[in-house]
Amino acid sequence: MTPEQAVAAVDTVSAIIDGVEVTVPKGTLIIRAAEQLGIAIPRFCDHPLLAPAGACRQCLVDVEINGRAFPKPQASCTMPVENGMIVKTQLTSPVAAKAQEGIMEFLLINHPLDCPVCDKGGECPLQNQAMSAGRSESRFEGEKRTYEKPINISSQVLLDRERCVLCARCTRFSEEIAGDPFITLNERGALQQVGIYENKPFESYYSGNTVQICPVGALTGASYRFRSRPFDLVSINSACEHCASGCDLRTDMRRDKTLRRLGGDDSAVNQEWNCDKGRWAFKYITSRERVKSPMVRGADGELHEASWPEAIAAAAAGLKGKRVGVLAGGRLTHEDAYGYSKFARVALGTNDIDFRSRPHSDEERDFLAAVVGDLTTTYADIDKADQVVLLSFEPEEESPIVFLRIYRQVRKRAMPVVSDAPIASRGSHKLNAKLVASAAQATGLTAQSVILVGERAAEVEGALSAALELAKSSGAKLAWIPRRAGERGALAAGALGNLLPGNRPVVDSAARVDLQSAWGVPSLPTTPGRSTSEILTALSDGSLDAVLVGGVDPMDISAQALEQLLNTFVVSLEISHSSITAIADVVLPVAAVVEKSGSYLDWRGTARRFDKGVEDADLRSDVRILSILADELGAPINLPTVSATAREIESLGAWDGARASFTKREAKAAKSDEFTLVSWRFLLDLGSLQQGEANLAGTAKQARAHISAAAAAKLGVSEEDHLIISSERGSIELPVSIREIADDLIWVPRNSPGSQVIPSLGFTSGAVKVAKR
Amino acid sequence: MSLLNPVLSAHWDEADSFTIAGYQRHDGYKALAKALKATPDEVIAQIKESGLRGRGGAGFPTGNKWSFIPQGDNKAHYLVVNADESEPGTCKDMPLLMANPHSLIEGIIIGSYAIRANHSFIYLRGEVVHVFRRVQKAIDDAYAAGFLGKNILGSGFDLELTLHAGAGAYICGEETALLDSLEGFRGQPRLRPPFPAIAGLYAMPTVVNNVESIASVPSIIQNGVEWFQAMGTEKSKGYTLYSLSGHVTNPGQFEAPLGITLRQILELAGGVRAGHELKFWTPGGSSTPMFTADHLDVPLDYEGVSSAGSMLGTKALQIFDETTCVVRAVLRWVEFYKHESCGKCTPCREGTWWLVQIMKDLEAGKGSEADLEKLLDLCDNIAGRSFCALADGAVAPIISSLKYFRAEYILHQTNGGCPFDPVASTLFETAGA
Amino acid sequence: MSFTTEELAVMDSIIARYPKSRSAIMPLLHYVQSIDGYVTPRGIETIAEKLNLATAEVTAVSTFYTQYKSEPVGEYHVGICTNTLCAVMGGDAIYESVCDRLGIKKDQTTPDGKISLERIECNAACDYAPVVMVNWEFYDNQTPASVNELIDGVRAGNPPAPTRGPKELRTWKQNSAVLAGLSDGLAEEGVQAGAASLLGLNIAKAQGSK
């Protein structure tokens, strides 16, 4: 029983376990009730988030109800507590103790004695429970079962079958939680084994969870295998930097180096799960591409390493008295984003700041400023929704833990899901989503419904207006779920042209005055600032002189973005060498997640704080560097540390006055071109934070161009063929996939190998020419 | 008056016994017409009153099983016939289906009507192609004759019947494994509760009955409850098929009232094969603890066999004479259970793996007396600890053989190997016998 | 190479027998064996697509049941019962003899692809022990000599008829189609019952029961 169910249950039952009375919500399993008394019944197949299996039989206990004893020991992981029940565990029943000892002996007869070389050694439930519930010596003198070892069930997950105790946690997780039954129990009896279909690897975005919940060392991740012993690791609580789902993470480090990451336990968010990107995409932190030292572009036109004072001075010199724009990027912590926001207003005297390093619109800017800060939708709302409407949002690709929550309800109670996606993704299939052309066609919404809007809504004029309209007319709960981890925090920090921190509208003089007094500055800029695209245009046409850039990949914005930065003064705060650092005048290296503390605001607007894991990190958080730079500019922002920043954010609080205004936009008429390109990003793609992890990249979906059967016939292509998709800017070439999609649409992934839409075609959606190769 | 009482097998000697014409020549489908005139609850009441108990092994009262199906629940109900007959020694349902498939089909229609099922299934083991042909043909003919399909005999009752072939898995004889298999999954047993009567096939209320149980239904409806009750013993009413096999003069099927003894059947069958004597036998398949000549007079009904320390099971009387090495016989059975263990639970999967190794050593004379204690202790750690009853069946021959033939196990050790000549046990060996 | 339109249509008709499509997985696997002789990758992939399952889910099912073969078997698949009763009464000797005759062991196929061999479990014909199944047809009361004749007949192209079965022995593929529920019209061939099945009835009649 999950904690939520426990809260929901009103009826309780009482039983006696090992002589102690316990009262639990009706439906509570004996094994959980015992936990409440501090009695640990050994177990393998049992997992609180999976349906009971009763397979391993390790948790056998003696049970009697109202004086009638069961003739044989019962599995405590499958039997709910009942009134009048008397349970005797291994602690008080010799029968239960012998039964458990017998099961343990059976589990061990075919288990190899390779603990010294097994990754699980030291944190192994089998090892631990064999010590607590097993015999000291084995009576088995026969032949052990052996298998070829290990086998790669994906490029990232390895399986040592002879270690497996066949608890089926992994297969049950894959089916019940992820909806990806790509690993199954195969064969039968003593030869039963976990496996894949030979031609289809275990390529689930959630595959790493099976490694985490495997109670033995049967499933291991390629990137951690043989790297460390658990007792050499220091675990820190951390937050995931990859998306806005808001996962609790545990990061295990050895000598300041991240060795692995695991899903943390937050029942309100990720439960105990995370996605493979969150688990395995951290090699960028130790990449050789990291910027280690400040750099200043010299008279020779080349970047040279510089001391911090030199670099700060060079940056200040280039920014001082200039018309500067700020591109903060979507990967910042709340505190760092606040640093950019305050720096722009106080040190640069401008509202020309935008965190959106992706396609965006003014409609979106207004929506963000006027609406999003006040949205209160949570995961719990999804749990009890009567339907979920997905608008410009592919949860499995763009916020995978949100997907798991929705899937759970779809599986549990066939919760209806509606999506405005132009093509049914695998995620949509799993959710059994009904596809509609637009928000307006979603029907039957009530106050119990949930509307989840993704960041791609900015790419369709009128889409956010329609979402808002739908929420207002139905009373449904609305949420905006950006792809990146930092966007919601950047919004809260006011890293947007029309918004100051804490939902203060730029145009609201009272809000400005409030902020001025909090910040102790005489004035704040009054004109709403430029958007990302406007800043870039202004930089290229000379309306702006310089730009301060956070973690931004210009190709996420537009094909021209990098060119637009070429003839301007660029200060880049970056963790790794990039196309921006390559053209920057001053490069200031900043800390990555484990090297700093901070917090991310997830899509709900809820903060998850994390501490620094690297004690003597050389690098500092963006906010601290910005604070030094502001001092150098003579306009201090007084944010010397992350914790000081967090305190200032806290004390500043949210604005209780009026919100920015939102003007409804109308949807534009559909185009009539031959083909219109539509796209979104796969979870695993060429994203810069996934660099350096080839095992993970090996599990990514392959790029294919999806067209309808009619379109394929018209083009004379089959799935054996390739298509050339071209625009005025250039073209991409992809194999064909024939799917259900409108005849005039072609879908491709946005940033996958062979399919980088913005650099190749110049846009993320629009008219393209399509031809057979 | 004979001790035997052929009912289901009464006309198996007619060449067309398996055809619908052959069946109808002897009042076939008349019970159906009768049943359809009664209410479903009346049919259930009759079967309950008759005392018919499951013929597949467990002996649960059939009418009670039917009465557990919730009524008026607006859900689909299913009757699923367990024709997975695979218990070693068991060979009654296959000849029944080969020679008289319509008795099953008529029983299914009546049973489905009683439990308000409109779609029923026969799960037939896959390794019997000709039986499949016969049953499929019988179903087709029953449809053609209007006994299946829409508005059966004008009663307004509709029934679809689907024949489904298994594919080689003993565990599918376990009713919840059968249901998972029928739903298209690996045939592994399900957690209970919920029981099939509440959430069975496709999570709907479902009755799973053995072939012989259902095939017996028309005779009860046709001849009346009292006719059925007049046969058998106090708590084991009616007639049943006993299957005699092994070292006997004449093996075969014997349909008799419950409670007949092996001594009586052996007498009818010409006794143990000439020149030999009974050593051990199973009353109801390999999963039922073995008996010896001391048990010749045990009444072969549910209570009689149970009180003698075994189970009536499937009434598969496998007879082994003194040429048979009991260690070899038990080893082979344990190998069977290892092969057929579904793999789901630890004690069965790992336990049978281990038991086979120990039994092999014992048969080869490599064991010690301490191994026998270890063996019994392992059996104790398996029996009643596993997910379903398969593993209980696996240890039954070990425990019972050690009870009666411990000396023979030890003889293997002192002899340094098996003291028996396997050739002597074969049917086609004359010299060594 | 994919299945023909006709074959795909048969698959659809098999699926239509069931209230829920997944139930069709077993007859579909039998059907794939009737075309390909064993469970081929194309079979698994087609079934997965038809039933909207992951291919791994189909593999999980096909590897659970012993009748589904992951490698090709012979045109005539010989199963010798070596469960206790048949083994004791001669099954073990028959198995040894067949191995010698064919030069293969269990789970192997003769190089010409004609005959494959399996040690089978109890096949519900114990009153006809020792039992041998060929393509899952009954050959009752076998001896090493009779099985040798059977094998020679198979090799010569004129195998003896099953004891209780159709007039002519059908091939592995043909019988797989029957198990998929595709009638071959042979139900009425062969005896209604063997002698052992009639033993009790005949005794009862002789004794004059009703």
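**Figure 1. The two domains of chain C in the predicted model.** In this predicted model, chain C is divided into domain 1, residues 5-64, and domain 2, residues 76-171. The C-alpha centres of domain 1 and domain 2 of chain C lie 28 Å apart. Chain C has eight helices and five strands. Read from the N terminus, the elements of chain C follow the order α-α-α-α-β-α-β-β-β-β-α-α-α. Along the principal axes, the C-alpha atoms of chain C fill a box of roughly 60 × 50 × 30 Å. Of the 210 residues in chain C, 58% are buried. When contacts in chain C between residues at least 6 apart in sequence are considered, 61% join residues at least 24 apart.

**Figure 2. The open sheet of chain C.** Five strands of chain C form an open sheet in the order β2-β3-β1-β4-β5, and the pairing is mixed. At the edges of this sheet are β2 (108-109) and β5 (137-139) of chain C, each of which pairs on one side only. Which way do strands β1 and β4 of chain C pair, parallel or antiparallel? Strand β1 (residues 76-81) and strand β4 (residues 132-134) of chain C pair in the antiparallel sense, over three bridges. As an example, C:I80 has C:V132 in β4(C) as its bridge partner.

**Figure 3. Overall form of chain A.** Chain A contains 25 helices and 38 strands. A compact globule of 773 residues would have a radius of gyration near 28 Å, and chain A agrees with this because its own value is 28 Å. The box filled by the C-alpha atoms of chain A, taken along the principal axes, is roughly 85 × 60 × 55 Å. Of the 773 residues in chain A, 57% count as buried. Among contacts in chain A between residues at least 6 apart in sequence, 70% join residues at least 24 apart.

Figure 4. The buried residues of α5(A) are A:R169, A:C170, A:T171, A:R172, A:F173, A:S174, A:E175 and A:I177. After α5(A) comes A:G179, whose phi is positive, near 70 degrees.

**Figure 5. Strand β27 of chain A between its partners.** Strand β27 of chain A (residues 569-574) is mostly covered, with six of its six residues buried. A:F569, A:V571 and A:L573 point one way from β27(A), whereas A:V570, A:S572 and A:E574 point the other way. Strand β26 (residues 546-549) of chain A pairs with β27(A) in the parallel sense over four bridges. Within this pair, A:V547 stands opposite A:V570 in β27(A). Strand β28 (residues 586-589) of chain A also pairs with β27(A) in the parallel sense, over four bridges. Here A:L573 stands opposite A:L588 in β28(A).

Figure 6. In soluble globular proteins, nonpolar side chains tend to be buried together. The largest nonpolar core of this model has 428 residues, and those with the most contacts inside it are A:I451, A:A467, A:V547, B:V80 and B:V81. Helix α5 (residues 84-102) of chain C gives the most to this core, with 10 residues. The core also draws at least three residues from each of domain 1 (5-64) and domain 2 (76-171) of chain C. Apart from it lies another core, of 26 residues, among them A:I707, A:I741, A:V757 and A:I758. Residues up to four places away in sequence aside, A:I451 touches A:V389, A:L391, A:A467, A:L470, A:A471, A:A476, A:K477 and A:L478.

**Figure 7. The contact between chain B and chain C.** This contact takes 77 residues from chain B and 69 residues from chain C. On the side of chain B that touches chain C, the elements that give two or more residues include α5 (93-99), β3 (160-165), β5 (239-246) and α14 (326-340) of chain B. Which element gives the largest share of this side? The largest share comes from α7(B), with seven residues. The residues on this side of chain B divide into 37 nonpolar, 28 polar and 12 charged.

Definitions and conventions:
Residues numbered from 1 in each chain as written. Chains lettered and ligands numbered in written order. Predicted model: local features only at pLDDT ≥ 70, side-chain atom pairs only at ≥ 80, totals over all residues. Domains from an automatic or database assignment. Rg over C-alpha atoms; globule rule 2.2 N^0.38 Å. Buried ≥ 20, exposed ≤ 12 C-beta atoms within 10 Å, placed from the backbone. Contact = placed C-beta atoms within 7 Å. Nonpolar A, V, L, I, M, F, W, Y, C, P; charged D, E, K, R; others polar. Pairing = 2+ DSSP bridges. Core = buried A, V, L, I, M, F, W, Y, C linked by C-beta atoms within 7 Å.
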